[in-house]
Amino acid sequence: MTSPEYNNVGFIGLGAMGTPMVGQLAEKLPKEARIHVFDVVESAVDEICSRYPNRVFKGVNAKDVAEKSEIILTMVPEDAHVKSVYVDGETSICSTDISNKLLIDCSTIDTATSLLVKDYINKNFPSASFYDAPVSGGVIGAQKGTIAFFLGCSDEDPNLLRITRLLSMMGKEVIPCGGPSLGLAAKLSNNYLSGIIAIACSEAMDMGMRSGLSPKVLTKVYAAGTAQNTICDRFNPVPGVYPDAPSSNGYKNGFKVQLMRKDFALAVDMAHRVGARLVLGDAGLETYEGASQDPRCRDLDSRVVFRYLGGNENWQEKEKP
């Protein structure tokens, strides 16, 4: 029997991350549950609805989804989209009565916009609850159901168990980060570090390869030493080193370099706002800005910085007997 907590779930934003997340819900929610979805790209809505008939239902707009759902999740690209979905216009979530509803935004945006939305909801719908819950793990993680959620709430929040159960259907870990917007602060800090590591890994692999080392040997060295890191292990920027990495598939189906540039810039802005000193921030941001504008790299996974920095993608040709 369906838990009353999850009878009707709404999901707005069916991009590269949102679509597989809805797929995870469709596979794992109790069979009586209904999922109401909306995206500005109608074909994305039609595709997921046709894949899960009588399970996933097409919404007319964000307001329509909110009216039909007790819990609404959102996953959209930028802060302007979050404002549009929640508070701007006659078809936004807040244009209807959302009293007692649970709202979870999985987008990666600036903390100020998230707090603006939360304050608006608190003022106009005091019984509704809004949380930031950005994710990490990329498209591959969303497809495999292994993403992590950084949840902007405390361990004592009365909704924590309910939220955790739902998010755990889409990912492997839900980490409460302490309060409103702190999930986003955690995510931006994480993506800053991830972005820096991707650049450093690309540089280190390139210098080692130019010195005559095989990238597979270098990867073993890093894994055995103090340089061990997830980027090198699972998202290696050199094609052909790790078969499931986006780099080994033409840098496709990953975290787009433009999105890394966006998140990196948000992280640098956050650091300036809170008074944190950055040594590598400007150099990293310049790298991602350049790569995101480079036609060889644009729309590809952010680890394409290996290509942008001049790394040898065809190393396997040299190693053939």
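Visitor: What makes the contact between D294 and R296 a salt bridge?

Guide: In this predicted model, the closest N and O atoms of D294 and R296 are 2.8 Å apart. The rule asks for a side-chain nitrogen of Lys or Arg within 4 Å of a carboxyl oxygen of Asp or Glu. The pair D294 and R296 therefore counts as a salt bridge.

Visitor: Why is D294 called buried?

Guide: The relative accessibility of D294 is 12%. Buried means under 20%, so D294 belongs in that class. R296 has a relative accessible area of 43%, which lies between the cut-offs of 20% and 50%, and R296 is therefore partly exposed.

Visitor: How do you know that R210 and D206 meet in a salt bridge?

Guide: Their side chains come to 2.9 Å, N to O, and the cut-off is 4 Å. R210 and D206 both belong to helix α8 (residues 182-210) and lie 4 residues apart, about one turn of the helix.

Visitor: Which of the words buried or exposed applies to R210, and which to D206?

Guide: R210 has 61% relative accessibility and counts as exposed, because exposed means over 50%. D206 has 13% and counts as buried, because that value is under 20%.

Visitor: How many salt bridges does this rule give?

Guide: The count comes to 11. Among them is the one between E313 and R307, with the closest N and O atoms 2.7 Å apart.

Visitor: Why are α4 and α5 called roughly parallel?

Guide: The axes of α4 (residues 79-86) and α5 (residues 111-124) cross at roughly 10 degrees and come within 10 Å. Angles under 35 degrees count as roughly parallel, so the two helices receive that description. In this contact D79, V82, K83 and Y86 of α4 meet T113, V117 and I121 of α5. By class, the contact has 4 nonpolar, 1 polar and 2 charged residues.

Visitor: What makes β3 and β6 stand at the edges of their sheet?

Guide: The sheet is open, with 6 strands in the order β3-β2-β1-β4-β5-β6 and parallel pairing. β3 (56-58) and β6 (129-132) each have a single partner strand, so one side of each is left without a neighbour in the sheet. On average, neighbouring strands of this sheet are turned by 20 degrees against each other, direction ignored.

Visitor: How do you know that β1 and β2 pair?

Guide: Strand β1 (residues 8-12) is joined to β2 by 5 bridges, and the two run parallel. Pairing requires at least two bridges. V9 stands opposite I35 in β2. β1 is also joined to strand β4 (residues 71-74), by 4 bridges and again in parallel, with L73 in β4 as the bridge partner of F11.

Visitor: What makes β2 mostly covered?

Guide: In strand β2 (residues 34-38), 4 of its 5 residues are buried.

Methods
Residues numbered from 1 in each chain as written. Predicted model: local features only at pLDDT ≥ 70, side-chain atom pairs only at ≥ 80, totals over all residues. Heavy atoms only, no water. Axes fitted to C-alpha atoms, helices over the stretch in contact; angles between N-to-C directions. Parallel < 35°, antiparallel > 145°, perpendicular 65-115°, else oblique. Contact = heavy atoms within 4.5 Å. Nonpolar A, V, L, I, M, F, W, Y, C, P; charged D, E, K, R; others polar. Buried < 20%, exposed > 50% of the residue type's maximum accessible area, 1.4 Å probe, protein only.
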